[in-house]
Amino acid sequence: MSDFTVSEAMAWIKASAAVLDREAAHLSDLDAAIGDGDHGANMKRGFLAVEKKLDGTAPADLGALFKTVGMTLLSTVGGASGPLYGGFFLEIGKRGAGQSAWDAATLAEMLKAGLGDIVKRGKAELGDKTMVDALTPATEAMTGDLAAATAAAAKAARAAATATAPLLARKGRASYLGERSIGHEDPGANSLALLLETLADTCKG
């Protein structure tokens, strides 16, 4: 496919709900080591609520779709992830208002805008052991057509999520553990990698 359209976006979000449902226990296990242990359950609840909200609807454009995703996540996902993921999708929705298709470069810019909102809300930077560590290299890796760009983003995000294990947490609940946070992968970086892997799968065709 050459462009990312409303139908691809709908497919991505619905597939993400299924993936997060399947991986909820794993994400919560990661979170139990350095946080509240509810990240998987929160993400599963939020995305299943989004899927229900979108079911049977036909969003007018990409902006309207991602605004709905963001608002639903804000109201249903608990913990720190709700505002961060909600804000991420709301920012993409705001930038995409009235637009019905994006090429690979525009999609990359939209994801970077969402990253900017996460950084602003979470006050996190690279190396703090958060989802920023996965999303930053992912957006930087996006070159080529839609399939190539999203595949590169997914690969970069997964590698970066794995690479959060040796980091000392400097943000969020994990930061309270100090050096005990070392040796555990960040759950938020992992959920972000799952979303981007699902995006790549959606854009393969």
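Predicted model: local features only at pLDDT ≥ 70, side-chain atom pairs only at ≥ 80, totals over all residues.
**Leu-195.** Setting aside neighbours within four places in sequence, I found Leu-195 in contact with Trp-12, Ser-16, Leu-20, Phe-47 and Tyr-85. I placed Leu-195 in helix H8, which runs over residues 187–202.

**H1 and H3.** Next I turned to the packing of helix H1 (residues 6–34) and helix H3 (residues 62–76). I noted an angle of about 20° and a distance of 9 Å between the axes. Angles under 35 degrees count as roughly parallel, and H1 and H3 are therefore roughly parallel to each other. I recorded the crossing of H1 past H3 as right-handed. Which residues make the contact? From H1 I listed Val-6, Ala-9, Met-10, Trp-12 and Ile-13, and from H3 Leu-62, Leu-65, Phe-66 and Val-69. Sorted by class, this contact has 9 nonpolar residues, with no polar and no charged ones.

**H6.** Last I looked at helix H6, residues 132–140. How many of its 9 residues are buried? I have 7 down as buried, and the helix is mostly covered. They are Val-132, Asp-133, Ala-134, Leu-135, Thr-136, Ala-138 and Thr-139. I then looked up what they pack against, and found helix H4 (81–95), helix H5 (104–122), helix H7 (146–162) and H8. H8 is also the helix that holds Leu-195.

Conventions:
Residues numbered from 1 in each chain as written. Heavy atoms only, no water. Helix = DSSP H or I, 4+ residues; strand = E, 2+ residues; numbered from the N terminus. Contact = heavy atoms within 4.5 Å. Axes fitted to C-alpha atoms, helices over the stretch in contact; angles between N-to-C directions. Parallel < 35°, antiparallel > 145°, perpendicular 65-115°, else oblique. Left-handed = near helix turned anticlockwise from the far one by under 90°. Nonpolar A, V, L, I, M, F, W, Y, C, P; charged D, E, K, R; others polar. Buried < 20%, exposed > 50% of the residue type's maximum accessible area, 1.4 Å probe, protein only.
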